[in-house]
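Reader: I am new to looking at protein models, and I would like to learn how to read one feature after another. Could you take me through this one step by step?

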Amino acid sequence: MRYRTTPWLFLTPFLLAFTAFFIAPVGYAVYLSLFIKKRSGFGPAQNVFGGLENYLRAFQDTAFLQSLGNILLFLAIQVPIMLIVATAMALILDSVKSGSAQKFFRTAFYLPYTVPGVIAGLLWGYLYSKNLSPLNQITGLKTDFLSSSILLFSIGNIVTWTWTGYNMITLYAALQNVPGDIYEAARIDGASNWNLTRYIKLPLLRPALTLTAIFSIIGTMQIFSEPFVLRPLGYVPDNITPNTYLYLAVARDGNFGYGAALAIIMALFTLIFSSFFLRNVRGETA
Amino acid sequence: MTTTNLDQPQTVKTAQAPRPPGRPRQGFSPLQWAALSLFCIYSLLPLWWVLTTMTKSNGQLYSTFGLWFTSPSNFAENVQILFTRDNGIFLRWLLNSILYAGVSAVGSMLFAAMGGYAFSKFRFRGSGPMFNIILATIMVPSTALALPIFLLMQKIGLINTYWAVILPSLVNPFGLYLMRLFWDAGFPTDLMEAARIDGASESKIFWQLGLPLVRGGLVTVALFSFVGAWNNFFLPLVVVNRDTLFPLTLGLSVWNQTSVSSGQDPIYTVIVLGALVSILPLIIAFLSLGRYWQGGLTSGATKG
């Protein structure tokens, strides 16, 4: 009896902030998304109840659908590349006892994560510039990394550069947590290095890999800063990602209802992708 | 491959110690060296470019090779421009970032520690579903939140105040999840009950007995909240438009925009120097706190 109120006292500060800045905004966004902007006669546009009209509009909005397509490309190409490289580097670093070379590489790989996304976008934006790119300076070419045909890959590269090391550290720490006797037992049974990796380390990495994959999916759905800061430097379409499209649409027309609907659609997609991924991983383990 | 010469002292040293199982090899194979070096160059080259570029004038930026220094160095002038341009607003942005990230780190660490404690050590009505709801909100994109937060703040007049950036950053659902794991693992319920029998108050048990045992979790949550707030761009972009309230990220991106659009007097190399200044605190934090967060983050991955 005595402890009935105690947990609530500990929870109150978090719950207050959580309600104010998570629950209330989500609820308000759902409410807003049901209103459409309507212009009648010569008067200013008014917000009127439109039911699910904003959602229907979103799925007919080719600009928005294109931005979703870009994100799907990211999920299909950038995320796997990033996680494969991170896993490979973690396995390599884990294959030897810790030493100074290993420590150096770990730190070097991690450094890009300390660069905020906006700053990474700015720096790579300069590095992508036709006249500044050291790659162009060395090869004598005039590649425009911000041209529309490779823009998406250039943005993918910024994201990969920032996040691979971060994911690697998570995976590496998971490998280090594995009790050593498992390896010892496998070695006594005569397992080769490759078999050790394939049948012991990779399965043990699964929980950590799932976690990094889910965070990568969540992060990918929200890509905003990198393309946003590249906009002044080259031609970056408004709908390069759903978030840039959403932000610019709201900033331009002040159509908060439509913006809220887009945001909710993105939240639902994130939920669907993540749980789809979780289920598949679980299915394999069973 | 490393020469035997270099390997010698290490082998001698480890010959006496028992071989740690699982990781028997002393050094990387040539193929591994190649892979590591390649990825190392990829990771560091842009940062190296920052170091060379911040010493150049904007003219030198275009006329010299990007990956090497030039003389005369323009570093001192760049520093001067960085801290005096627009009435020294860069310093203000730096202080703003420190304020936003510092308050977020301390606040969200405390809230997450207390909330995680409640879920870890108490059974109460609705605790299971509530925990799951909190965990699920990790997946809500920050844009989905920023837009309604802007409108709600507009209603209560918080737009263009420090509160607009600080208040939302006090909530870290993943931090609460992490802290719960740390409480589960680091503070045995027996110990809590023994303290109760000894007559310790609930708050004393939490503050004096419990918290020191989950230090690793506190540092991890504080560090990642700090980084999250330091790197935050979208929220300040939406809720503040007065440049005296900008954090570094927003300020530098605006300088970049005006440098490009005005065409005259661009300050790209100064922006690059500013970028370095904006990264340094995080590098220092991560390097000095490495032993905490490197283990801390995976406790979520292995136990979750």
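Reader: Where a helix of one chain passes a helix of the other, what is the handedness of the crossing of α5(A) and α14(B)?

Author: Handedness describes the sense in which the near helix is turned relative to the far one. In this predicted model, α5(A) passes α14(B) in a left-handed crossing. The two helices, residues 117–128 of chain A and residues 268–288 of chain B, cross at roughly 145°, and their axes come within 10 Å.

Reader: Which residues make that contact, and how do they divide into nonpolar, polar and charged?

Author: From α5(A) come Ile119(A), Leu122(A), Leu123(A) and Tyr126(A), while α14(B) contributes Tyr268(B), Ile271(B), Val272(B), Ala275(B), Ser278(B) and Ile279(B). Sorted by type, these residues give 9 nonpolar, 1 polar and no charged.

Reader: How many residues does each chain give to the contact between chain A and chain B?

Author: Chain B gives 80 residues and chain A gives 81. On the side of chain B that touches chain A, the elements giving two or more residues include α2, α4, α11 and α14 of chain B, and the largest share, 11 residues, comes from α2(B). That side of chain B divides into 54 nonpolar, 23 polar and 3 charged residues.

Reader: Now for a pair within one chain: at what angle do α8 and α11 of chain B pack?

Author: An angle between helices is read from their N-to-C directions. Helix α8 (residues 173–186) and helix α11 (residues 215–231) of chain B pack at about 170°, with their axes 9 Å apart, and because angles over 145 degrees count as roughly antiparallel, α8(B) is roughly antiparallel to α11(B). Gly175(B), Leu178(B), Met179(B) and Phe182(B) of α8(B) meet Gly216(B), Gly217(B), Thr220(B), Val221(B) and Ser225(B) of α11(B). Here the division is 4 nonpolar, 5 polar and no charged.

Reader: What share of the residues of chain A counts as buried?

Author: Of the 286 residues of chain A, 43% count as buried.

Methods:
Residues are numbered from 1 along each chain as its sequence is written. Chains are lettered from A and ligands numbered from 1 in the order in which they are written. This is a predicted model: local features need pLDDT of at least 70, side-chain atom pairs count only at pLDDT 80 or more; totals for chains, interfaces and linings use all residues. A residue is buried if 20 or more other C-beta atoms lie within 10 Å of its own, exposed if 12 or fewer, and partly exposed in between; C-beta atoms are placed from the backbone. Axes are lines fitted to C-alpha atoms, for helices over the stretch in contact, and angles run from 0 to 180 degrees between N-to-C directions. Helices (H or I, at least four residues) and strands (E, at least two) are DSSP runs, numbered from the N terminus. Angles under 35 degrees count as roughly parallel, over 145 as roughly antiparallel, 65 to 115 as roughly perpendicular and the rest as oblique. Two residues are in contact if their C-beta atoms, placed from the backbone, lie within 7 Å. Ala, Val, Leu, Ile, Met, Phe, Trp, Tyr, Cys and Pro count as nonpolar, Asp, Glu, Lys and Arg as charged, and the others, Gly among them, as polar.
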